[in-house]
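This briefing is intended to be read alongside the sequence and the three-dimensional model. It begins with an overview of one chain and then turns to selected local features.

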Amino acid sequence: MSVSANPLASRHREPLPRPSGGNLAQRRRRTGVFLVIPALVVMVAVILYPIARSIVLSFQEAKLSAGEIGTTWAGGENYRRISEDETFMLALRNSAFFTVSEVLLVLAIALGVALLLNTRAGRKPIYTTILLVPWVIAPVANAVLWKWILHANYGALNALLTALGITDRYVNWLGTPGLALRMLLLADVWKSVPFIALILLAGLQNIPAALYKAAKLDGANVWQRFRYVTLPGLRTPLALALVLQTIWSFKVFDLIFVLTKAGPADATLLLNFLAYRVSFNFLDFGYGAAIANIIFLIMFVLALVFIKLLKPGAPRSRANA
Amino acid sequence: MHRSGSRIAGSRLDRRSLLGGGAAAGAGLAAARYAPGLWTPGASAATNLSVLSPLAPDPAPPGVAEFAMDDFASWKTANDAEVTYEAVAWPELHDKMATNFASGTHVHDVYYMSGWVPEFAQFLTPLDDMLPQDLVDDLPPSSFSTVTWDGQRLGVVFTLSLLTLFYNMEHLEEAGLDGPPTTWDELKGYAQELTRDGRYGWVLNYGEPAGIGGTASYWMVFLQQAGGKLYGDDGMPVFNDAPGIEALQLMVDMYTNGSTDPGSISYIGINDATNILTAGNASMMMNWPFMWKPASDPATSKIVGKLGTAVLPAGSAGSASIDGTDAWTIAKTSVSPELAMKLIEFYLDPAVQTRQVLDTGWLPIRLSVLEDPEVQKGAPNAAVVLEQAQHPYDSFVTPDYNEVTQAIGTEIQRALQGEKTAEEALQDASDQVTEIVSQRLG
C-alpha cells in the first residue's frame with residue numbers, strides 16, 4: 001500500500017516547528033507570572049516591607065529627635081523591657097481573657113444562629129438582612145453607639161434594666177474595672193457574630209442532605225446527627241472562623257479608644273492599644289514595635305496551631321470515620 | 001469578527017472603552033486638583049497656609065469656630081492667602097502631630113499646642129524675633145512660661161484658660177448654702193450636702209489619666225493648693241510627700257463618700273462632665289472658661305441663669321489652678337513662616353480676641369481686651385479667671401508630660417477605685433515617674 005493510498009497517511013503531519021520560548025504551558029506560566037508581578041510588588045511594599053521594618057525597629061531605640069526619628073541599635077533591650085514590664089503583663093492577661101472569651105462566645109452564638117438560619121423558616125432573606133446589621137456598622141460608629149448604650153447616667157441599658165425592675169439603680173458599666181472589660185467583650189461579640197454565622201451557614205449548606213437522611217435511618221438522634229454529621233462537615237469553616245476570630249479579637253482597638261482609653265486604671269488595656277499608646281503617646285517607637293511584633297508572633301503561632309490541629313480540608317481516614 | 005461588549009445607543013461599551021474612560025476621568029480630576037491654573041487662566045495662586053486645630057467647642061480659630069468670619073475673609077484677601085484647616089477632636093491632636101513631625105515633611109504650617117511645646121520643641125520655629133513688641137507687651141508675662149523651652153519662645157498662648165469652680169446657684173440655695181465653697185472642708189461638706197434627689201455634688205472627667213485636663217492634672221490642682229509641687233530643682237519628682245497625699249486623699253474621700261458622680265471614672269473628655277452639670281445632674285465641678293457659653297445657651301443647657309463661678313477652694317497653701325496652655329506655634333517645616341506669623345497675629349488681633357470671647361466663650365489673652373467693659377459684661381467669668389491667675393497655676397509641662405501624667409493618672413484611678421491607698425498609689429506613681437524622668441535626663 002502506498003503512503004498516498006493509506007487512509008491514515010493524510011493524518012500524518014510533519015511536526016510543527018517548536019516556537020521559541022518553550023511549549024504552551026510554559027509560555028502561559030511565564031505570562032501569568034509577568035501579569036502577577038505588579039500585584040506582588042504592591043504586596044511586598046505594603047505588607048512585607050513594613051513587617052521587616054517593624055522587626056528591625058524593635059531592635060532599636062527609636063525616638064523623635066533633631067526633627068526625625070533617631071535610631072540607635074539596642075539589641076534585645078526592648079524585649080528585655082517587655083519581660084519586666086508589669087503593664088505589658090497586665091495587657092497580656094487582659095488580651096488572653098478577652099480573646100478566649102470572645103472566640104468561645106462568638107463561635108457558640110454564631111453556630112446557633114447558623115443552625116437556625118439553615119432551617120426552612122430561617123431561610124427567608126429578612127433574617128439574614130437583620131443578622132448583618134451589626135456587622136455593617138463601621139467599627140468607630142459601633143463604639144460610639146455602645147458608649148451611649150452603656151453611659152452611666154443616660155445609657156439605654158440602665159434605662160431598660162430599671163424600667164424592667166431588674167435593677168433599682170444605674171450601673172457604672174464602664175467605670176468598674178472587671179465589668180468594663182466584660183462590657184467591651186459584649187460590644188465586640190455583638191459585632192462579630194454575623195460574619196462568623198455566615199461562614200458557618202455556608203458550611204452547613206454544603207453538607208449533603210443525604211448524610212442526614214442516612215443517619216436518621218440508622219437511628220441517630222438530633223444530638224448524634226449534630227455530632228457525627230454536622231460538626232465533621234463544618235471542620236473547614238470552623239477552622240477558618242476560629243483563626244479569623246482569634247486574630248480579630250486579639251487586635252481589638254476601636255472599642256478601647258472610644259469607650260475607655262484603657263481605663264479605668266488600665267483595666268481594659270489590651271496589647272494592641274498598649275502598642276499604640278507606647279508608640280504615639282509616648283513616642284517610644286522601638287518599644288512599641290517590639291510589642292507589636294509580640295502580638296504578630298502570638299497570632300501567627302496560634303493560626304498555625306489551629307490549622308495543624310483542625311486539619312481543614314484533609315480527608316478523614318476510615319479509622320476516624 | 002465578533003467583539004465582546006454591548007451596544008448602547010449606537011456606542012460600543014466594552015472593557016477597553018470603560019478602562020479608557022476611567023483613565024481619562026482620573027487624569028482630568030488630577031489636572032483639576034494639581035493644576036488649577038489650567039482652568040482659571042490669569043488667576044494667581046494664593047499662598048496656602050495649613051493649620052492643625054482642635055474642633056469646637058475646644059479652643060478653635062475663626063474658620064473652625066464661627067466667629068470673626070468677615071475679618072478672616074478680609075485678612076485672607078489682604079494677604080493673598082488661603083487657609084486650610086485640619087480640625088480634629090481634642091484627644092487625637094497629640095498623636096496626629098506626633099506622626100506629622102515624625103514624617104519629617106511639611107504637613108502643617110501652624111500647630112495648636114496644649115502642654116506639648118517642650119515635647120515637640122525641636123520641630124518648632126523660635127518666635128523670639130518674630131513676635132511684635134506691642135503684642136508681647138499686651139500679654140501676661142507668665143503666659144510665655146509654658147511655651148518657652150531651653151530659653152526660646154516657641155509659641156504664643158491665645159486664651160487665658162485656667163480651671164475655676166463652676167456651681168449651680170439654685171442647688172446651693174435649695175440646700176441652704178451661702179455662696180460657693182472657699183476651703184477644702186467646705187468643698188467636701190458642700191459636695192455631700194448637694195448629693196440628693198438623684199444628683200451629685202461633684203462631677204469631673206476622671207476617665208482620661210493623661211494630659212492637661214486629665215486625671216493627673218486635676219490632682220496637680222489640689223497638689224498646689226496643698227503647697228506641693230511635682231518636681232524639685234533637680235527635675236526629679238518630689239510629689240510623694242504630705243501635700244501630694246493630702247491632695248489625692250481629698251479626691252478619694254469625695255469619690256468614696258458618694259458625693260462624686262460615680263460615672264466620673266468613665267468620662268473621658270471634659271464635655272462628658274460638662275454635660276452632666278449643664279443637665280442639672282451635678283452641682284459643682286472645675287472647668288475651663290469656655291463653659292460659661294454653653295451653660296448660658298438654652299439650646300444646650302438646663303441651667304441657664306443658674307451658673308455661678310468662683311476661685312477654686314483653698315487648701316492649706318491657698319487656692320491654685322492649672323494653665324490650659326492653649327497656644328499657636330509655627331512648624332520648622334513651614335513653607336511660609338512669615339505669613340504663618342501674620343496669621344497668628346490675626347488670631348491675636350484685639351477685634352478677633354473680642355469676638356473669640358463673646359462668640360465662643362474662650363477668654364482673650366490680651367490684657368487690653370480682658371479689661372474692655374464690653375468683654376467683662378459679656379463674660380462675667382473673666383474677672384474670676386483673672387483673680388484665679390493671682391494664685392499659682394503651674395501645669396508642670398515637660399517633654400515627657402504624656403508619659404508622666406499617664407503613670408500618675410492611672411495610679412490615681414486605682415486609688416479612686418479603692419485598689420490602693422493614696423500613699424501606695426503615690427509611691428508607685430513616684431517610682432514610675434522617677435524612671436521616666438531619669439531616662440530623659442540621662
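The secondary structure of chain B comprises 17 helices and 13 strands. The model is a predicted one. Along its principal axes, the C-alpha trace of chain B spans about 90 × 60 × 55 Å. Of the 442 residues in chain B, 49% count as buried. Among contacts in chain B with a separation of 6 or more, 73% are between residues 24 or more positions apart.

**Contact between the chains**

- Chain B contributes 29 residues to the contact, and chain A contributes 21 residues.
- On the side of chain B that touches chain A, the elements giving two or more residues are α3 (90-103) and α16 (401-416) of chain B.
- That side of chain B is made up of ten nonpolar, 13 polar and six charged residues.

**A buried strand residue, B:Met113**

- B:Met113 belongs to strand β5 of chain B, which covers residues 110-114.
- B:Met113 counts as buried because it has 25 C-beta neighbours inside 10 Å, and the cut-off for a buried residue is 20 or more.
- Leaving aside residues up to four places away in sequence, B:Met113 touches B:Gly155, B:Ala327 and B:Thr329.
- Between B:Met113 and B:Ser17 there are 96 residues in sequence and 51 Å in space, taken from C-alpha to C-alpha.

**Helix α5 of chain A**

- In helix α5 of chain A (residues 139-149), the buried residues are A:Asn142, A:Ala143 and A:Trp146.
- Viewed down the axis of α5(A), these buried residues fall within an arc of 100°, and they therefore line one face of the helix.
- The exposed residues A:Val140, A:Ala141 and A:Trp148 are carried on the face of α5(A) turned away from its buried side.
- The cover over the buried residues of α5(A) includes α7 (177-205) and α11 (254-260) of chain A.

**Packing of helices α7 and α8 of chain B**

- Two packed helices are described by the angle between their axes and the distance between the axes.
- Helix α7 (residues 215-225) and helix α8 (residues 242-256) of chain B pack at an angle of about 125°, and their axes are 8 Å apart.
- The crossing of α7(B) and α8(B) is right-handed.
- From α7(B), the contact involves B:Trp219, B:Phe222 and B:Leu223, while α8(B) supplies B:Pro243, B:Gly244, B:Ala247, B:Leu248, B:Leu250 and B:Met251.
- The residues of this contact comprise eight nonpolar, one polar and no charged.

**Backbone features in loops**

- Most residues other than glycine have a negative phi, and most peptide bonds are trans.
- A:Gly263 and A:Pro264 are joined by a cis peptide bond with omega of about -5°, and A:Pro264 is located in the loop between α11 and α12 (271-281) of chain A.
- A cis peptide bond also joins B:Ala56 and B:Pro57, with omega of about 10°; B:Pro57 is in the loop between β3 (47-54) and α2 (69-78) of chain B.
- The loop between β3 and α2 of chain B also contains B:Ala68, a residue other than glycine that has a positive phi near 50°.
- B:Ala68 is buried because 24 other C-beta atoms lie within 10 Å.
- B:Asp150, in the loop between β6 (148-149) and β7 (152-153) of chain B, has a positive phi near 55° and is likewise a residue other than glycine.
- B:Asp150 is exposed, since 9 other C-beta atoms lie within 10 Å and a residue with 12 or fewer counts as exposed.

Technical notes:
Residues numbered from 1 in each chain as written. Chains lettered and ligands numbered in written order. Predicted model: local features only at pLDDT ≥ 70, side-chain atom pairs only at ≥ 80, totals over all residues. Helix = DSSP H or I, 4+ residues; strand = E, 2+ residues; numbered from the N terminus. Contact = placed C-beta atoms within 7 Å. Nonpolar A, V, L, I, M, F, W, Y, C, P; charged D, E, K, R; others polar. Arc of directions from axis to C-beta. Axes fitted to C-alpha atoms, helices over the stretch in contact; angles between N-to-C directions. Left-handed = near helix turned anticlockwise from the far one by under 90°.
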